[in-house]
Amino acid sequence: MSETKTHKVTLIPGDGIGPEVTQAVVRILEATGVKFDWEQFAAGAEAFEIFGEYIPQALCDSIERNKVALKGPVTTPIGGGFKSINVTLRKKFDLFANFRPIKLLPGLTSHWPGVDLIIVRENTEGEYVGLEHEVVPGVVESIKVITEKGSTRIARFAFDYARKHRRKKIHSIHKANIMKLSDGLFLRCARKVAEEFHDVQYGEHIIDNTCMQLVMNPYQYDTLLLENLYGDIVSDLCAAFVGGLGLVPGANLGHDCAIFEAVHGSAPDIAGKDIANPTALLQSAILMLRHLDEEAAADRIQKALETVYEERKCLTRDVGGTCGTTTFANAVLQAMG
């Protein structure tokens, strides 16, 4: 733990259950003894009501200044309204790597016990660039953008991570049999980077086959390298192996900034009832601690979290327990000692 350093972190509680799970996670983070200076901001519909904009300039300035943010879920309207806050922030701060580890917590059951996957998703290109227009009434064109720069840097991120953490193999997931130019470029870039990493096994699978293979036998995979849309779908699919999005952490990483977030929805139907599970945001906060080189604090929370799940005495309803958000957080704090 850093003895003197105070980490300035931009805090975005979000909406729905966001403020509740964020409050629980902040309590646990501060109990480690690591010093934080939180700069809290609204985003999305709440921010629009107050400031007249969905992502206030002050929030962007804070992330630019602090380089690190912790973010709860923010509602994005479907088929209309404002653009996704997540996508907008990722593009604005060039957070090109979406990183999601998939690992089962002790005490939980799964059809695939012991599954251990790393999802590395390109975060700024593909179909999510938002280039859509109506050609003529009734005909809409959506443009997918793949670049050599974007494909190379996400591949390098995946291989660097694999080498550092002794992951055994990487599969590039693609549809180059149909999208020969765009996905073909993505594969060429991945292959070129792979040549520099002889200690990491490299393979390629087509996206639709990958989904079938994952459901039949996820153990054949280690680290998956994907374009934006494929990564979005596959990371949610893989979350099902370990209990769903309410348990899985997420990190958006760039060369300068990083945003750590819960990847589940804002669940407005249970907001304010103190029953939401803060595990996803807590595990994202553990990733944030490791990013800040606070390894001891990260290990301490991870061990306490795993203890609470293993004992199964104080879990939230979504994982078979009867406890609420606050009580669950209290149990983690108690396990930390």
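In helix 1, V21, T22, V25, I28 and L29 meet L281, L282, A285, M288 and L289 of helix 9, where contact means heavy atoms within 4.5 Å. By class, this contact of helix 1 with helix 9 has 9 nonpolar residues, 1 polar and no charged. Ala, Val, Leu, Ile, Met, Phe, Trp, Tyr, Cys and Pro count as nonpolar, Asp, Glu, Lys and Arg as charged, and the others, Gly among them, as polar.

This is a predicted model, in which local features need pLDDT of at least 70 and side-chain atom pairs count only at pLDDT 80 or more, while totals for chains, interfaces and linings use all residues. Residues are numbered from 1 along each chain as its sequence is written, and side-chain values use heavy atoms, with hydrogens and water left out.

Helices (H or I, at least four residues) and strands (E, at least two) are DSSP runs, numbered from the N terminus. Axes are lines fitted to C-alpha atoms, for helices over the stretch in contact, and angles run from 0 to 180 degrees between N-to-C directions.

| Helix pair | Angle | Axes |
|---|---|---|
| helix 1 (residues 18-30) and helix 9 | about 40° | 9 Å apart |
| helix 7 (residues 207-216) and helix 8 (residues 228-239) | roughly 10° | within 11 Å |
| helix 1 and helix 11 (residues 325-336) | about 15° | 10 Å apart |

Angles under 35 degrees count as roughly parallel, over 145 as roughly antiparallel, 65 to 115 as roughly perpendicular and the rest as oblique. Helix 7 and helix 8 are therefore roughly parallel. Their contact is made by I207, C211, L214 and V215 of helix 7 with Y230, V234, L237 and C238 of helix 8. It has 8 nonpolar residues, no polar and no charged.

Helix 1 and helix 11 are likewise roughly parallel. On the helix 1 side the contact uses E20, V21, A24, R27 and I28, and on the helix 11 side T325, T326, A329, N330, V332, L333 and M336. These residues divide into 7 nonpolar, 3 polar and 2 charged.

The largest pocket holds about 1,200 Å³ of space. Of its 36 lining residues, F99, Y161, H165, L287 and R290 are the closest to its centre. A pocket is an open set of points on a 1 Å grid over the protein atoms alone, where a 1.4 Å probe fits, with protein on both sides within 12 Å along at least five of seven lines; lining residues have an atom within 4 Å of a point. Volume is the space filled by probe spheres set on the points. Helix 5 gives the largest share of the lining, 6 residues. The lining divides into 19 nonpolar, 6 polar and 11 charged residues.
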